[in-house]
Amino acid sequence: MQETGNKTFIQTGSKAAGAGMAPANADAVLSLKKKPRLTIRIGRHTLSFSAPQAPNGNNIVFKPYTVKSGISMAANLREAFKETDLLSGGWQRAMVLIDSPVLMIPVDEFKDAQKELLYHHSILGREGETVMSVVLPSLNAVAVYSVNKDLKLVIDDHFADARFTHVCAPVWNHLYRRSFTGVRQKLYAYFHDKKIDVFSFQQNRFRFTNSFDTSLVPDAVYFILNVWKQLAFDNRRDELHLVGELPEREELTKELGSFIQNVYVINPKAEFNRAPITEIKNLPYDLMTYFMKI
């Protein structure tokens, strides 16, 4: 088992504003742009809020919210606005990181008018949701994902300037930049929200990307090795990099190491030169990559 470190990059996504909430003139727009932005991370079963502690953003306040079972995420967010002190600061701007299934489309083949049709044709069970997209220029790709309409309405009702992106966007961009180190081919596995995002890059594009639902070591090993074999990686030469909320870390790396010689665990403290943000307990790696860039 080995640990590694490096630096960061992010591209954020589309913009949405609540009806009737747009500033009335150019001065108001400029004033709004100068205000800090609250970050809301919405997983399938998790909800958290983050904000810079100071204008330079050297550290943040991170507040996980205990999601109540039996009610929708939109209802949980409404409750959070009543219960969470961090949300009572008169925020007008928000960045929302959403975890939902992704359809990855090459930039030169993407047409905004067709994204809903393609998304619903490719991913089932999301028909009642708003389809959004985030451009990943470094990777020549557009990530198409969805947001629950009620959830988006709650956000738009509370913020004059709400921007959305996929939760993995900062991770994809950061690890793409990181992949330039060395000459060996690399496969990445990002563990979060009881799932794994497995991806690899070739030249300035995705070579592979997919998500697998699991928090169990045997399943994780199976999914990763299946992708490794599919991409015809060399067991002795190429590299596997693991990052995020690894289940049973020692067991996982031992099992993978039985088949792959170069298995690395990315250590955020080394990755970001022991920045204060890496000391925040339970802060997801995607939020680290996001905040280290802004």
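Okay, let's start with the charges: Arg37, Arg93, Asp161 and Arg163 are linked in a network of salt bridges, a salt bridge being a side-chain nitrogen of Lys or Arg within 4 Å of a carboxyl oxygen of Asp or Glu. Before I go on, this is a predicted model, where local features need pLDDT of at least 70, side-chain atom pairs count only at pLDDT 80 or more, and totals for chains, interfaces and linings use all residues. Residues are numbered from 1 along each chain as its sequence is written, and side-chain values use heavy atoms, with hydrogens and water left out.

Aspartate 161 pairs with arginine 163, with the closest N and O atoms 3.8 Å apart. Aspartate 161 is buried, at 5% relative accessible area, while arginine 163 counts as partly exposed at 27%. Here buried means under 20% relative accessible area, exposed over 50%, and partly exposed in between, using a 1.4 Å probe and protein chains only.

How many salt bridges does a search of the whole structure find? It finds 14. One I like is lysine 195 with aspartate 99, at 3.1 Å between the closest N and O atoms. That pair links distant parts of the chain, 96 residues apart: lysine 195 is in strand E12 (195-202), and aspartate 99 is in the loop between strand E6 (93-98) and E7. Helices (H or I, at least four residues) and strands (E, at least two) are DSSP runs, numbered from the N terminus. Both lysine 195 and aspartate 99 are buried. Then there's glutamate 129 with arginine 126, 3.3 Å from N to O, and glutamate 129 is buried at 15%.

Now lysine 115, over in helix H3 (residues 115-122). Is lysine 115 buried or exposed? It's buried, at 12%. Leaving out residues up to four places away in sequence, lysine 115 touches Phe110, Val131, Met132, Ser133 and Val144, with contact meaning heavy atoms within 4.5 Å.

On to strand E7, residues 103-106. Its covered face has Leu103 and Ile105, and its uncovered face has Met104 and Pro106. E7 runs antiparallel to strand E9 (residues 141-148), joined by four bridges; strands pair if DSSP finds at least two bridges between them. Isoleucine 105 has valine 142 as its bridge partner in E9.

Last stop, helices H6 (217-230) and H7 (249-257). Val217, Ala220, Val221, Ile224 and Leu225 in H6 meet Glu251, Leu252, Glu255 and Leu256 in H7. That's it from me.
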